[in-house]
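Trainee: I've just opened this one and I'm a bit lost. Can we walk through some strands and helices together?

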Amino acid sequence: MTNVFSKVFVTLGSIGLIASAANANVSGFVKDVSKAGVSGVSVSLLSSGATAVTDANGYFSIETEYAETLGLRSSVSGLSFERGFLHFSVARIASVQVSTYGMLGQNVFRSHRQMMNAGAHSINAIPENANPGVYLVKISVDHSEYTYKVNYKGVNHSSVSVEMTGLRKVLASVDSLVLQYGGGTLNDKVPVLDDDASVGDVIISRKVVSGSAKTGTSVNVTLQGSLGENVVLTSSAVGDKYEVASNWMILKENRSWNISASADGATAATRANVEDNVQNITLNLVAASLSSSSSVIPSVVEVSSSSAAVETKYLNYSATLEISSTDYSYVTVDLGASQVASALGISTSQLSSVSYFAVNPDGSANSTASTANDPGHWFDVSGNVTTYDNGSVIYSELDLSSMKANVGQYPAALSAGDYTIKQGVSYGNKSVVFTITLNMKNAAVSSSSSSAKSSSSSAKSSSSSAKSSSSSVKSSSSVAQITMASLATSNPEIYKFVNWQWDYRLSSNGIVSGSDGTYDDYRTENSSGLTFEHIINGKGTLKYCIVWEKKSALSKSKRDQIRQMINDITHAWTQYLTGFEGWPYDNVNVVATGWAVYDASYIQDKQSDENVYTSTKTDGMVGSYYTLNFGGSVQPYCPDGTYDEIFQVVDGYTEYSTNMWGFAGGGLWVAAEHVESMLGEGIPHIVAHESGHNFGLPDYYESWDFPDANYSSPKAGDASGGGITANTSYSGVARTMVMNSGSSSTVTEYDYWLLRKFWYETKHKYGY
């Protein structure tokens with residue numbers, strides 16, 4: 001068999017971006033899954049076409065048009081802002097343009113680009129009729145740009161500007177990479193983000209199908225992807241074997257494949273719902289006269305169908321177990337056979353035939369075969385799938401017929417606190433994801449139970465372990481309550497963090513602005529129209545209406561994927577509320593109530609239960625926050641009363657000159673190109689970030705937005721108009737959060753505990 005890489009990923013190194021500058025050197029490595037460099041990969045920058053080829057170590061470096069991005073620092077000086085006028089000096093004759101934007105990207109002023117002599121200049125950068133508020137002022141000098149954040153208080157009051165080197169209310173992509181490998185161009189582009197100055201691992205995969213077939217026969221292999229792909233490959237069997245390989249493709253976590261192989265005189269072999277990251281598939285073609293059971297069919301996790309979006313139910317459980325230094329003690333978690341069967345649309349007698357899979361911490365399926373007793377896995381301290389003796393601390397082994405899981409520990413590997421793992425089962429196009437939180441407690445006395453573990457065994461045998469007598473569990477039908485008080489002992493650092501955030505930022509008594517006038521008002525305690533409110537009012541249901549602000553057809557497959565994206569992002573947040581401080585719902589039901597389009601004909605293969613709205617209106621969002629690519633300001637809309645929140649897919653652009661942007665406010669507005677490029681690839685971090693705002697969570701742009709190492713007060717005093725100001729010299733320590741733009745693409749522990757804190761402090765408003 002040909003020796004091929006099953007996965008290749010790209011890790012980008014430094015990308016020298018500042019403010020809104022779009023030009024930088026891009027370098028990095030292309031590696032295979034074993035971390036060995038891959039040579040001969042062509043990597044091109046979309047904007048310029050500049051190309052580099054990886055060397056023997058897999059390294060590449062692309063030179064962009066303007067390598068110097070810091071020139072403005074030596075070109076502009078003496079900058080100040082007063083009564084709407086921007087005062088500055090340029091060090092040399094240069095081409096200068098000044099633009100002013102609102103915090104959501106709307107352009108309120110743009111000067112003509114003009115040649116300016118060395119010396120002092122003044123420009124009225126904010127019109128007299130502009131409302132007081134926060135604006136971004138961008139100065140372009142020749143090929144360099146720099147952005148200032150201005151707190152404008154009106155023409156009768158002075159304002160203060162602050163240099164911003166990474167400010168983004170609208171997350172953006174400044175460029176993309178195109179990869180060529182194995183004789184072809186990969187099917188998707190790789191965004192280069194300027195909010196985190198990096199590109200995450202880009203995994204590429206292909207399907208290599210092989211098996212037995214009679215020598216000389218022509219074998220036809222068909223690959224049908226759940227996102228509409230259809231690939232036909234042909235091979236002639238030699239030595240009673242055949243093998244075909246598809247082109248390399250960028251991996252999409254939610255894509256699955258139906259694969260079939262056929263040949264004259266043989267029984268066809270098929271495999272359904274093959275994960276995208278599974279490369280090698282064996283399909284043996286057996287002579288028709290023989291039993292087809294002789295075909296070798298490896299196990300494949302079933303996570304989605306090829307024709308419909310996956311319907312996923314999320315269930316949460318908690319269990320308690322005493323720490324042991326000597327044995328593999330476990331607790332049995334009753335997953336609830338009846339409710340699992342109901343969610344999968346089958347009877348309890350069919351549970352033994354469901355497919356099992358592990359789940360990554362970010363909620364995506366993990367196709368790794370069982371690493372504990374099948375079906376089951378070992379997990380590390382962060383909930384990642386691992387193998388025995390490779391950072392393994394927790395195992396979970398399922399009995400599918402009874403829907404019970406034995407969740408246990410590696411001896412002397414855990415300390416007191418909460419640990420979370422995820423597993424799932426699927427049947428057809430329906431799946432159930434189990435989130436199990438294991439609370440490890442210090443034992444009052446040594447456990448009397450013990451078990452032996454063979455050092456040669458790769459998986460822990462649940463039959464050889466004794467259950468800890470002190471362990472207990474509650475299923476989702478009676479979810480054990482997670483409390484804010486428990487966080488104080490299980491993770492004191494996060495406990496102090498969320499309390500600091502509430503006291504100084506989110507509460508009504510929080511910070512209004514920096515002591516120098518910079519804006520930082522995220523006091524959302526008393527905000528109305530948050531997603532919490534919509535779910536409570538809907539008694540556990542959240543209704544979305546989707547606005548397709550694009551003049552093109554919308555296929556059923558794409559509609560299914562958009563609905564799935566909305567469902568996934570809602571559950572990415574709400575799963576952490578289940579069982580917490582009286583949150584009343586185990587699962588939030590996300591409903592798409594309709595589609596607003598310019599023309600009803602755009603909705604292809606309309607289903608009987610789909611509502612289509614074609615009324616249009618002139619909306620102030622267009623022209624203020626973004627510009628439509630096809631011009632005008634008329635857009636389709638969803639009738640009042642048909643939704644709680646809107647998901648608006650916009651064929652437009654902002655002044656940030658990017659196709660990746662989004663913002664929130666009672667709904668989500670996201671660039672169409674970005675939405676379509678991310679369908680089937682999990683949860684876009686732009687959507688995850690903006691969804692957090694709809695729950696009332698803040699951005700992190702200022703040095704005082706995070707607590708320092710001592711959790712000291714960032715307060716400076718009272719603002720002149722009332723309220724608390726922050727000490728602008730305060731230096732906080734940043735955390736990895738999806739709400740801290742660019743630091744994480746998924747919801748982290750800091751994010752979801754801040755979400756829980758917000759519910760804890762405001763639940764009284766909803767009667768809890």
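Predicted model: local features only at pLDDT ≥ 70, side-chain atom pairs only at ≥ 80, totals over all residues.

Trainee: How many bridges join strand S33 to S34?

Mentor: Phenylalanine 379 and valine 385 are bridge partners. S33 covers residues 376-379 and runs antiparallel to S34. The number of bridges joining S33 to S34 is 2.

Trainee: Which are the edge strands of the open sheet of 5 strands?

Mentor: The order in that sheet is S30-S36-S35-S33-S34, and the pairing is antiparallel. An edge strand here pairs on one side only. That gives strand S30 (330-334) and strand S34 (385-386).

Trainee: On strand S22, which residues make up the covered face?

Mentor: S22 takes in residues 241-245, and its uncovered face has Lys241, Glu243 and Ala245. The covered face has Tyr242 and Val244.

Trainee: And what is the bridge partner of glycine 211 in S22?

Mentor: Strand S19 (residues 208-212) pairs with S22 in the antiparallel sense, over 5 bridges. The partner of glycine 211 is tyrosine 242.

Trainee: How many residues of strand S26 are buried?

Mentor: S26 spans residues 269-275, and strand S24 (residues 256-262) pairs with it in the antiparallel sense over 5 bridges. In S26, threonine 270 is the bridge partner of serine 260. S26 is largely enclosed by the rest of the structure, because the buried count among its 7 residues is 5.

Trainee: Over to helices: how many residues of helix H9 are buried?

Mentor: H9 runs over residues 685-694, and its buried residues include His685, Glu690 and Asn694. Just after H9, glycine 696 takes a positive phi of about 100°. H9 is largely enclosed by the rest of the structure, because its buried count is 10 of the 10 residues.

Trainee: How far apart are the end C-alpha atoms of helix H10?

Mentor: H10 has 14 residues, 749-762. At 1.5 Å a residue it should span 20 Å, which agrees with the distance between its end C-alpha atoms: 20 Å.

Trainee: Last one: which helices are included in what covers the buried residues of H10?

Mentor: H10 is mostly covered, with 11 of its 14 residues buried. Among them are Tyr750, Trp753 and Trp759. The cover includes helix H3 (484-490), helix H4 (492-506), helix H5 (531-537) and helix H6 (556-574).

Key: Residues numbered from 1 in each chain as written. Heavy atoms only, no water. Buried < 20%, exposed > 50% of the residue type's maximum accessible area, 1.4 Å probe, protein only. Helix = DSSP H or I, 4+ residues; strand = E, 2+ residues; numbered from the N terminus. Pairing = 2+ DSSP bridges. Expected span 1.5 Å × (residues − 1). Contact = heavy atoms within 4.5 Å.
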